[in-house]
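Subject: Structure handover

Hello,

Here is the structure I promised you. Please open it and keep it beside this email as you read.

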Number of protein chains: 2
Amino acid sequence: MEHSFLAYLRGRCRKLSQVTIGIGDDAAILESVSGQQVACVDQIIDGVDFLSDQHSLADVGYKSVAINLSDMAAMGGKPLSILVTLSLPKQNSTRIAGEVYEGILEAAAEFHLSIAGGDISTYDGPLAISVTLLGCVEHGQAFLRSGAMQGDAILVSGAVGGSIRGRHLRPVPRLELAQRLQQSVVVTSAIDISDGLSLDLDRLCAASGLGAELDTEKIPIHEDARTLAKSSGRTPFQHAWSDGEDFELLITMSQKHADSLADQNMGAPLTQIGNIVGRTGLWQRQQGKLKRLSPQGYIHGS
Amino acid sequence: MEHSFLAYLRGRCRKLSQVTIGIGDDAAILESVSGQQVACVDQIIDGVDFLSDQHSLADVGYKSVAINLSDMAAMGGKPLSILVTLSLPKQNSTRIAGEVYEGILEAAAEFHLSIAGGDISTYDGPLAISVTLLGCVEHGQAFLRSGAMQGDAILVSGAVGGSIRGRHLRPVPRLELAQRLQQSVVVTSAIDISDGLSLDLDRLCAASGLGAELDTEKIPIHEDARTLAKSSGRTPFQHAWSDGEDFELLITMSQKHADSLADQNMGAPLTQIGNIVGRTGLWQRQQGKLKRLSPQGYIHGS
């Protein structure tokens, strides 16, 4: 439901006061005299995004902040503060709030965030945590999804696939990488991998009006994907291609800038997996011929 | 639960990066070079804060924004943008989202807000809407709860009581009043009446470490309170004293400044209902003697 509804909303919002970048990127950009403000919100709900009978509530609290930090990294922004809305089941609400906040406070301390506000309700429903993250970026320096250029190198941070084995609860937001990239190169576009490498790359390409030619063998497959493949009936590559919640970054920049990063410590491994091309869609070159690849991943509300 | 948990949180947050004003006021104040940013979040849930089988979802959407605008007015801030989290029951989720957004967009258009972002989930639970509102205020010009001074006049906007007859769904955030006050006088403290005049005044007094001596006969009683009293078994005054969701402002300023406002159009009626005194608590002077008044109202989670 979400994507068609977002398209409707985007249309309806055209008449309102404008933010520089609004609905449809990883975060919004708001103008201020001193720079640009970055704002994003993400919610996780018991039974939809986690299972409270399987996951520690501190992990869940940590994740509710970390997924927003990943969006902030994907915008090239510096996080500053969070506002937290907790919806708590009536039973054991104080214990639950306390455990969730253990993880929220751990993430806040780790990433030097202030807690700027919050709201807490108890109700007849499952635990739901909505976090709004505010941050900043220098004027014109935000990484958007829409800026990729033909010929750009496509890079991915870390390794992908199989995050469901546990990494998805404690994602490492690539904030340090984003800051180092800000200082070293011109990033033309970026997105974080929340719904699967291929699906999020397809979104970046669509936002930029271009396509991608991939060297699929270069895609860094996480050890978790290999472990999972032993019992899942799918290949490690399939997991890397379509598993969600990696929270790694997909980044594009000129090939020259990508080459300049070789052997530099950027705070996270970076692997080039292909180049941006004029032909829309995702492609693989096999024995000189282009083969179309199908993006797969987790589509919200489907 | 909320208030004791907030006290715990306030303690835990002392080690984190600091916002200028954090947990415990109507909104947070964040520093920026050009001024101060104001941020607040408020959530409403079906079955707790509204009843979807009785209230129009457009009204509910409007209210989700308006209650945050009331907090912004209570801080003396200028609202700029909102981020919206919707949790939707699985059945009819698209229709519900559309109807809720009708009201959200109406409020956004009316108050010149941009929609800076959002998140939508469907789940096994009731409709819940969480809105984060971002705005700005000039350095040092925010109205806090804690600044009331002994001798200050206490003023209330509009008239109070009986909002449950319908006004609570379409509250008029006192933004214009707040802006006019910014230009005319020095507001020493302010709070919006969400949980009842007496309870919110008691909070303001507690935050300022002072008390209030009230001329209870001056409290402007809304027509809705009189109507409600005909069948509720309570007096119009009791409704005015303790009904929640008036979303009027309680404001303090020097008596001299209060006197200077007489006959000025401030964008909303303003009535002086008493003065701030050194003795903590709420008091009424009757035949020369002080009688203690008991704050009553809606306490969340009780």
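First, a term you will need: helices (H or I, at least four residues) and strands (E, at least two) are DSSP runs, numbered from the N terminus. Keep in mind that this is a predicted model.

Start with a loop in chain B. Ser163(B) sits there, between strand S6 (153-157) and helix H4 (175-184). Is Ser163(B) buried or exposed? A residue is buried if 20 or more other C-beta atoms lie within 10 Å of its own. Ser163(B) has 23 such neighbours, so it counts as buried. Setting aside neighbours within four places in sequence, its contacts are His168(B), Asp224(B), Asp243(B), Glu245(B) and Asp246(B). Look at Ala225(B) too. Ser163(B) and Ala225(B) are 62 residues apart in sequence, but their C-alpha atoms are 7.6 Å apart in space.

Stay in chain B for a helix pair. Helix H2 (residues 57-74) and helix H3 (residues 93-110) of chain B have axes that come within 7 Å and cross at roughly 45°. That angle makes H2(B) oblique to H3(B). Their crossing is right-handed. The contact holds twelve nonpolar, three polar and four charged residues. On the H2(B) side, they include Leu57(B), Val60(B) and Tyr62(B). On the H3(B) side, they include Ile96(B), Glu99(B) and Ile104(B).

Now chain A. It has eight helices and twelve strands. Of its 302 residues, 54% count as buried. Take its contacts between residues at least 6 apart in sequence: 83% join residues at least 24 apart.

Chain A has a helix pair to look at as well. Helix H2 (residues 57-74) and helix H4 (residues 175-184) of chain A pack at about 10°, with axes 8 Å apart. H2(A) and H4(A) are therefore roughly parallel to each other. Leu69(A), Met72(A) and Ala73(A) in H2(A) meet Leu175(A), Leu177(A) and Ala178(A) in H4(A). This contact has six nonpolar residues, no polar and no charged.

Last, the core. In soluble globular proteins, nonpolar side chains tend to be buried together. Here, the largest nonpolar core has 166 residues. Which of them touch the most other members? They are Ile82(A), Leu250(A), Ile82(B) and Leu250(B). Find Ile82(A) in the model. Not counting residues up to four places away in sequence, Ile82(A) touches Val65(A), Ala108(A), Leu113(A), Ile115(A), Ala116(A), Val131(A), Thr132(A) and Leu133(A).

Best wishes

Technical notes
Residues numbered from 1 in each chain as written. Chains lettered and ligands numbered in written order. Predicted model: local features only at pLDDT ≥ 70, side-chain atom pairs only at ≥ 80, totals over all residues. Axes fitted to C-alpha atoms, helices over the stretch in contact; angles between N-to-C directions. Parallel < 35°, antiparallel > 145°, perpendicular 65-115°, else oblique. Left-handed = near helix turned anticlockwise from the far one by under 90°. Contact = placed C-beta atoms within 7 Å. Nonpolar A, V, L, I, M, F, W, Y, C, P; charged D, E, K, R; others polar. Core = buried A, V, L, I, M, F, W, Y, C linked by C-beta atoms within 7 Å. Buried ≥ 20, exposed ≤ 12 C-beta atoms within 10 Å, placed from the backbone.
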